[in-house]
Amino acid sequence: MIDPRTAPYAALVLRLALGIMYLAHGLTKLLVFTLPGTAGFFAKVGFPGWLAYPVTFFEIIGGALLILGVLPRWIAAVATVQLLAAATVHFGNGWGFGNPGGGWEYPVFLAAASAALALLGDGKPALFPSKRKG
């Protein structure tokens, strides 16, 4: 049974955790690996290198929007698709993300958590909820 009194706060915790993770992940691509370095990695694993740019900025902007509560369900839905695509790079590396080349459990878990937020709702408080009750 879902407790309707606490579920919005559970969604808030999930939203904040995902927002922080996406923001940190995107900033790592930008500031540590650099955009050209990230593009080179993308090309090395079979994605077009140019995808590094929109992915990085989605993670930074999307992470910030999740933290603020701006259209969280939509951001989480897009993040789900992004992480499932990212997971395909790691399928051949096995389960553990500590494996050489990184395993698939981390991106698949993040995709599942993002899907859960998209299904659960925005959480309280949300600056601009995905759907307003009329």
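F91 is partly exposed, with a relative accessible area of 47% (buried is under 20%, exposed over 50%, partly exposed in between; 1.4 Å probe, protein chains only). The model is predicted, so local features need pLDDT of at least 70 and side-chain atom pairs pLDDT 80 or more, while totals for chains, interfaces and linings use all residues. Residues are numbered from 1 along each chain as its sequence is written, and side-chain values use heavy atoms, without hydrogens and water.

F91 and W104 form an edge-to-face aromatic pair, at 6.3 Å centre to centre and 75° between the planes (ring centres within 6.5 Å, with the six-membered ring taken for Trp; planes under 30 degrees apart are stacked, over 60 edge-to-face, the rest tilted). Both residues lie in the loop between α4 and α5, 13 residues apart. W104 is partly exposed at 27% relative accessible area. W95 and W104 also pair edge-to-face, at 4.8 Å and 85°; W95 is exposed, at 54% relative accessibility. F91, W95 and W104 form one aromatic cluster.

The largest nonpolar core has 14 residues, with L18, Y22, L66, L83, L110 and L117 having the most contacts inside it (buried Ala, Val, Leu, Ile, Met, Phe, Trp, Tyr and Cys residues joined through side-chain atoms within 4.5 Å). Its largest share, five residues, comes from α5 (helices are DSSP runs of H or I, at least four residues, numbered from the N terminus). Beyond its neighbours within four places in sequence, L110 is in contact (heavy atoms within 4.5 Å) with L18, M21, Y22 and L83.

Methods
Helix = DSSP H or I, 4+ residues; strand = E, 2+ residues; numbered from the N terminus.
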